[in-house]
Amino acid sequence: MELDRSTQPARAALLPDDFSFSQSSLQAFADCARRFWLAYVQRLPWPAIEAEPVQDHELLMRLGAQFHLLVQRAEIGLDLGLLTRSLPAPLDAWFAAYQSYRPSDLPSGRIEVERVLTVPLALSAPTEGDITAPGRVYRLAAKYDLIAADEEGRVVIVDWKTGRRRPEPSTLRQRLQTLVYLYVLVEAAPALGWGEIAPEQVEMRYWFTAAPNQPIIIRYDQAQHAENGRKLKALVQRILAGSAIEDFPLAPDTEANRARLCRYCAYRSRCNRGVLPGHVDDLEELEYIEEHSPDSISLHFSLDDVAEIAF
C-alpha cells in the first residue's frame, strides 16, 4: 500500500543544507558506509592517525599541498624564481619533473586552475523509505587542479598526483574521482560560457611525480556519461535513503579490507578493526588518505566557497 507522505512524521535531514556531494564523500561511502556516517553525518573528530611514521605522513601531505600550490602559480604565469631556488627534497625533484614533463599537447585557449564546479543532481522521485526533503536540490561538486580547453571544444582535465606509485589504469578508471570529474565538467560546461561540450571532446589525465612521463589518459564518450550519471545518482539516493547508523554498515571484515581500508582509517579502533595504523610505504597512493583527511572533510564544499553552476 502506498504511504501518504503528508501524514508521515517529519524526519530530520541527514546532511546539512550546504552539503555538496564530492568524489571524496562518495568514495568514502562506496568503500565503507559506516565511514561516511561517522565522517560526514556525525562529523566526529578523527580519533587516530591514519598512517605511520606520523612525521613521514604529515611531511608528505605538506609537500603534496606545496607542490600543488607551485604548479598552480606556474600555470597562471607567475614568476617562481625565488620560490624554487631552495626547495626541499623531494619537492625539488617533483617540481623539476613538472617543468620537464608537463604535457606539451594540452589545449592553450583557456586555462582554469584550482576551479571548483558544482551541478545539481536530478534525482528520481522519492521512494517510500527516502528522507529527501521536499524540494531540496542536492549538488555534486568537483575541485579541478587544471582544466585546459581550446576554441574547437577540446577539453583536458589534468590531476597532479604526488603518490609514491603510479596506480594501474584500471584502478583509476573505476575510482569515483574519475566518474565525478568527467561528469561534472560536461554538465557544467554550458554555464562556463563554453557552450555544450560533448563527452567525446573531454579527456582526463592523471599525471604522477612518480612517473612523470607516463600519465594515464582516460577518454570519455556519451555512453560513459550516461552510465556515470546513473551510478552517481543511484549512490546519492542510497545515502539519502538512510536515517540511522544501522543503515550505514561497516565494510565486510575481510583481510583485504583490513589491509586496504581499515588500517588507514582513523575510526578503526571505534569499529574494532584494529588499533595500529598502516605504514605509509604500503599505501597504493597517498591521495587515498588525502581524500579522507580532516581538512578535506572541512572543505566539503560550503556554498560560500563554490562557484555554483545554476540551470
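**Entry 1, a hairpin.** I began with β5 and β6, which are joined by a hairpin through two residues. I am working with a predicted model, and I keep that in mind for every value below. Strand β5 covers residues 202–208 and strand β6 covers residues 211–219, and I find the two paired in the antiparallel sense over five bridges. When I looked for the bridge partner of M204, I found I218 in β6.

I then stepped back and counted the secondary structure, which comes to 10 helices and eight strands. The chain has 311 residues, of which 48% are buried. For the accessible surface I noted about 15,300 Å², with 50% of that area belonging to carbon and sulfur atoms. Of the contacts with a separation of 6 or more, 76% are between residues 24 or more positions apart.

Two packed helices are described by the angle between their axes and the distance between the axes, and I looked up both values. The axes of α1 (residues 23–31) and α6 (residues 176–188) come within 9 Å and cross at roughly 145°, and the crossing is right-handed. Which residues meet here? From α1 I listed Q23, L26, Q27 and A30, and from α6 I listed L176, Q177, V180 and Y181. Sorted by class, this contact has five nonpolar residues, three polar ones and no charged ones.

I also checked S24, which is found in helix α1.

How many residues of α2 are buried? I counted nine of the nine, so this helix is largely enclosed by the rest of the structure. The buried residues in α2 are A33, R34, R35, F36, W37, L38, A39, Y40 and V41, and I note that R34 and R35 are in that list.

After α2 comes R43, with a positive phi near 50°, and R43 is not a glycine. I place R43 in the loop between α2 (33–41) and β1 (51–52). With a relative accessible area of 43%, R43 is partly exposed.

I looked next at E114, another residue other than glycine whose phi is positive, near 50°. Where does E114 lie? I find E114 in strand β2, which covers residues 110–121.

Lastly I went to the peptide bond that joins A89 and P90, which is cis, with omega about 0°. P90 is found in the loop between α3 (54–75) and α4 (91–101).

Conventions. Residues numbered from 1 in each chain as written. Predicted model: local features only at pLDDT ≥ 70, side-chain atom pairs only at ≥ 80, totals over all residues. Heavy atoms only, no water. Helix = DSSP H or I, 4+ residues; strand = E, 2+ residues; numbered from the N terminus. Buried < 20%, exposed > 50% of the residue type's maximum accessible area, 1.4 Å probe, protein only. Pairing = 2+ DSSP bridges. Contact = heavy atoms within 4.5 Å. Areas by Shrake-Rupley, 256 points an atom, 1.4 Å probe, with all protein chains shown as cover. Axes fitted to C-alpha atoms, helices over the stretch in contact; angles between N-to-C directions. Left-handed = near helix turned anticlockwise from the far one by under 90°. Nonpolar A, V, L, I, M, F, W, Y, C, P; charged D, E, K, R; others polar.
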